[in-house]
Amino acid sequence: MIMDVYYDKLSEHCEVFSGYAFKSQDLLTEGDIPVVKIGNISNGRDLILDKDTQYVDKIFLSINEKYHIKKGDVLISLTGSHINQPNSMVGRSCRYYKNQELLLNQRAGKILAKTNNDLSFLYYMFSSWAMKVSITNRAYGAANQANVSPSDILSIKFNFPNYECQKK
């Protein structure tokens, strides 16, 4: 079986964007809608919602739909440590498996598949060590506060099989 394999920029296959810039006075210790920050993004598992999770009033449900997190969404940290601390590194990704609606805070990112690309394939690709190394190599800043922009991530070239192979 011959597989078509393409080394394309990620921007041809997905979108990555940063969350909403909530003001500190908007964030509450209790409330209606949990806000996902970089600390909530695990390294390959479900989101971590715990006692430190902050909330906003449901009035914020009116913000742009791209900032809403729903079941199945793939999230990525745009700030973190360098690769020597894998559980807090920039570029770690996870998938959200519950039905509760959440909102995305700045420096936490969301990955959307473009047409003819499989979101599950993208999740596993972003979870791979090769992708994490590619992302951390583009990060800038101090050792414990490395940052990467969505455009830096989207410039990465990766091995993309055709849609049928992605689905498998």
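Let's start with Asp73, which counts as buried because its relative accessibility is 10%, below the 20% cut-off for that label. Keep in mind as you look around that this is a predicted model. Asp73 sits in the loop that links β5 (68–69) to β6 (74–77).

So what does the side chain of Asp73 make a polar contact with? One partner is the side chain of Lys110, at 3.5 Å. The backbone gets involved too: a polar atom of the Asp73 side chain lies 2.8 Å from the backbone nitrogen of Lys70. If you set aside residues up to four places away in sequence, Asp73 touches His68, Cys94, Arg95, Tyr96 and Lys110.

You'll find Arg95 in strand β8, residues 93–95. Arg95 is buried, yet it has no salt bridge. How far away is the nearest side chain of opposite charge? That is Asp118, and the distance is 6.7 Å, whereas a salt bridge would need a side-chain nitrogen within 4 Å of a carboxyl oxygen. What the Arg95 side chain does have is a polar contact with the side chain of Ser120, at 3.0 Å.

The surroundings of Arg95 come from several parts of the sequence. Leaving out neighbours within four places, Arg95 is in contact with Arg45, Asp46 and Leu47, with Gly72, Asp73 and Val74, and with Leu119, Ser120 and Tyr123.

Three strands make up an open sheet, ordered β7-β12-β11, with antiparallel pairing. β7 (79–80) and β11 (140–142) are at the edges and have a single partner strand each, so one side of each lacks a neighbour in the sheet. Zoom in on β11 and β12 (residues 145–147), and you'll see three bridges joining this antiparallel pair. Within that pairing, Tyr140 stands opposite Asn147 in β12.

One last stop is Pro161, in strand β13, which covers residues 157–161. Is Pro161 buried or exposed? Its relative accessible area is 13%, so Pro161 is buried.

Conventions. Residues numbered from 1 in each chain as written. Predicted model: local features only at pLDDT ≥ 70, side-chain atom pairs only at ≥ 80, totals over all residues. Heavy atoms only, no water. Pairing = 2+ DSSP bridges. Helix = DSSP H or I, 4+ residues; strand = E, 2+ residues; numbered from the N terminus. Buried < 20%, exposed > 50% of the residue type's maximum accessible area, 1.4 Å probe, protein only. Polar contact = N/O pair within 3.5 Å; in protein donor to acceptor, adjacent residues only side chain to side chain. Contact = heavy atoms within 4.5 Å. Lys, Arg positive; Asp, Glu negative; His and termini not counted.
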